[in-house]
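Have a look at the fold first.

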Amino acid sequence: MIILKIVIAPDSFKGSLSAQAVAQAIHHGMAPILPGKYTLLPIADGGEGTMDVMLQAQPSQRIQVQVHDPLGNSVKAEYGILDQGKTAVIEMAQASGLQYVGSGAPFAASSYGTGELIKAALNQGVSKIIVALGGSGTNDGGAGILQALGLHLLDQNRQDIPQGNAALANLTQITGQLDERINKVKIIIASDVTNPLLGKNGASYVFGLQKGAKPADLPILDQNLHNFANIAADYLKTDYSTQPGTGAAGGCGFALRAFLGAEMKAGAEVVLDTINFASAIASADFLIVGEGATDNQTKFGKAPYAAAKLAKKLNPKITVIAISGKLGQVDQLYDYLDACFAVEQGPSSLTEAINHAASNLSLTSANLARLIKKLK
């Protein structure tokens, strides 16, 4: 009897199920019908839930610390330790997420708490820090991160400016030195955003509305970042603001790349490497991926497509199937996906789809298992 090797590696169904819950629902549907060796390996692409996926994939430690949210309130946030203490995983949303700012506070919100998480990780003596930038609620260019790590952002009176985007209008000088331990640590940004810091394709204009800005606010937010970038160029002797990815997370990509020397990588690539995905699919017969909604945009940095692409490269005979909440146009995905299925069982509201996501996943997965069993 042939024992099939099946890797279940979905992303989360945003607003409904975590990646782990999706994987379990698929396994619950398939395993009773199709005997085999199942490996559950949830994935992510640098957005919210990335830290959980990484920590669940290998021996790890969660550390909770007290930090400041974007509005300066004291909150508890977690970061993770992997690789026997060598690597820290930080999810920006833990400290500086949009969930802390309600309808948004683009002028006031600060990334200071993310800097505090980085400092906490440095205290653990790690040699690598992975920063997942998804879910941020800030638009301060990462200035708060730098303030938390020791730099002084001064106004014309040589006084430290307050935190947040608005205060950047009064920035005239950057002084001081970053925590010297930064120079001994490799920092990797997990993000798929390629926007520059400034202009119509930059942090404020592209992402500002999502963070509570009004259309009339966008040029002001952008101008404040312009001033920050100009002062930063004087301090660093190099202008980093035009580099791809510096507009990520309200410009935190800029601070991390320009001041901390961070390397930017596709979020899905970082996750797949960290969870040893290549080893898991090397001899697998089937790979099951999925996400809340799959369409042709999935090929642009989304975790399911990245996983399918890597799987086909390393194991050309593997069959890759997507099980997603709903499907749009997917004709451009079939270079690496062999089939795509939606779990919706009929017309339903968004609330109904969310409430029944797990059971619909299991039902669709069970039907898929029956088909595979018949064909095999």
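Strand β3 (residues 61-68) pairs with strand β4 (residues 74-82) in the antiparallel sense, over eight bridges. Strands here are DSSP runs of E with at least two residues, helices are runs of H or I with at least four, and both are numbered from the N terminus; two strands pair if DSSP finds at least two bridges between them. This is a predicted model, where local features need pLDDT of at least 70 and side-chain atom pairs count only at pLDDT 80 or more, while totals for chains, interfaces and linings use all residues. Residues are numbered from 1 along each chain as its sequence is written, and side-chain values use heavy atoms, with hydrogens and water left out.

His68 has Ser74 of β4 as its bridge partner. Next, β4 pairs with strand β5 (residues 87-91), again antiparallel, over three bridges, and Ile81 is bridged to Ala88 in β5.

| Hairpin | Residues between strands | Positive phi |
|---|---|---|
| β3 and β4 | five residues | Gly72, about 90° |
| β4 and β5 | four residues | Asp83, near 55° |

Now for helix α13 (residues 357-375): its 19 residues reach 27 Å from first C-alpha to last, close to the 27 Å expected at 1.5 Å a residue (that is, 1.5 Å times one less than the number of residues). Its buried residues include Ala357, Leu361, Leu368 and Ile372. Buried means under 20% relative accessible area, exposed over 50%, and partly exposed in between, with a 1.4 Å probe and protein chains only. Leu371, also in α13, counts as partly exposed because its relative accessibility is 43%.
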